[in-house]
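Student: I would like a close look at a single part of this protein. Please take me through one spot and then show me what surrounds it.

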Amino acid sequence: MTFQYSGNVYLRFAGYIAGYVASGISLYYALLAESVRHIPVVQLSRQDLLLEVIPFLGFLILLFGTTLGCLSQADINVDNQGISRVLWGWTWQSIRWDNTRLISAHPVISKGYSARVFTIFPKSKPRTRLMPSGKMVFTDKMKNATALVALLNRYAQENGIKIEVKETMFASLKSSSQL
């Protein structure tokens with residue numbers, strides 16, 4: 001079963017495209033600043049070098065941030081084999097149920113925003129991963145989130161996966177039988 005994030009998908013991806021355009025402009029500025037100079041790199045002062053590196057670092061930060069934002073909005077696919085994140089038909093993250101050691105849930109509250117965050121921890125880390133620990137993180141801000149929670153509870157019970165729940169933001173994680 002696939003669970004999609006609610007909201008206007010086109011508007012969300014337009015924001016990511018705007019981030020990529022800003023990244024491109026930043027890179028263009030860095031390349032333009034270098035091409036306009038006729039001074040060899042060896043003769044550049046630290047200040048000049050820093051002024052050329054800052055736009056490129058800005059480009060890298062924007063590129064990483066928009067890519068991470070785009071990937072975090074990927075659909076959640078749950079089946080008998082495991083749970084995976086799918087973006088435009090491409091599965092970019094997957095954790096099998098037999099490789100899952102813990103599912104945790106905790107609330108997140110900010111000005112005008114509240115959600116429940118789910119984290120799935122694998123027993124062994126995959127070779128290629130976006131998160132250093134290989135974990136999968138997603139919120140309940142999607143269509144039919146109650147069905148997702150029911151499926152997570154079912155597969156956790158069937159596969160003997162430990163569940164930990166935090167009732168409030170400042171409470172500690174406690175073992176539970178259900179999310």
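Student: Is Ser104 buried or exposed, and why?

Tutor: Keep in mind that this is a predicted model. Ser104 is buried, because its relative accessible area is 4%, and the cut-off for buried is under 20%.

Now place the residue. Ser104 lies in strand S5, which covers residues 100-110. Leaving aside residues up to four places away in sequence, Ser104 touches Val117, Phe118, Thr119, Phe121, Glu164 and Leu173.

Next, look at the sheet. S5 belongs to an open sheet of five strands, in the order S7-S6-S5-S8-S9. The pairing in this sheet is mixed. S7 and strand S9 (174-176) stand at the edges. Each of these two has a single partner strand, so one side of each has no neighbour in the sheet. On average, neighbouring strands are turned by 25 degrees against each other, direction ignored.

Follow S5 to one of its partners. S5 and S8 pair in the parallel sense, over four bridges. Ala105 stands opposite Val165 in S8.

A helix covers part of this picture. H3 packs on the sheet and touches S5, S6, S7 and S8. The direction of H3 makes about 25 degrees with that of S6. H3 runs over residues 145-159, 15 residues in total. From first C-alpha to last, H3 reaches 21 Å, close to the 21 Å expected at 1.5 Å a residue. Among the buried residues of H3 are Leu148, Leu151, Leu152, Tyr155 and Ala156. Why does such spacing matter? An α-helix has 3.6 residues a turn, so residues three or four places apart point the same way. Just after H3, Gly160 takes a positive phi of about 65 degrees.

The largest nonpolar core has 23 residues. Within this core, Ile83, Phe138, Leu152 and Leu179 touch the most other members. Strand S2 (75-78), S5, strand S6 (113-122), strand S7 (136-139), H3 and strand S8 (162-165) each supply at least two of its residues. H3 gives the most, with seven.

Last, step back to the whole chain. The protein chain has three helices and nine strands. From the N terminus on, the elements run β-α-α-β-β-β-β-β-β-α-β-β. Of its 179 residues, 35% count as buried, and Ser104 is one of the buried residues. Among contacts between residues at least 6 apart in sequence, 52% join residues at least 24 apart.

Note on methods
Residues are numbered from 1 along each chain as its sequence is written. This is a predicted model: local features need pLDDT of at least 70, side-chain atom pairs count only at pLDDT 80 or more; totals for chains, interfaces and linings use all residues. Side-chain values use heavy atoms; hydrogens and water are left out. The expected span of a helix is 1.5 Å times one less than its number of residues. Buried means under 20% relative accessible area, exposed over 50%, partly exposed in between (1.4 Å probe, protein chains only). Contact means heavy atoms within 4.5 Å. A nonpolar core is a set of buried Ala, Val, Leu, Ile, Met, Phe, Trp, Tyr and Cys residues joined through side-chain atoms within 4.5 Å. Two strands pair if DSSP finds at least two bridges between them. Axes are lines fitted to C-alpha atoms, for helices over the stretch in contact, and angles run from 0 to 180 degrees between N-to-C directions.
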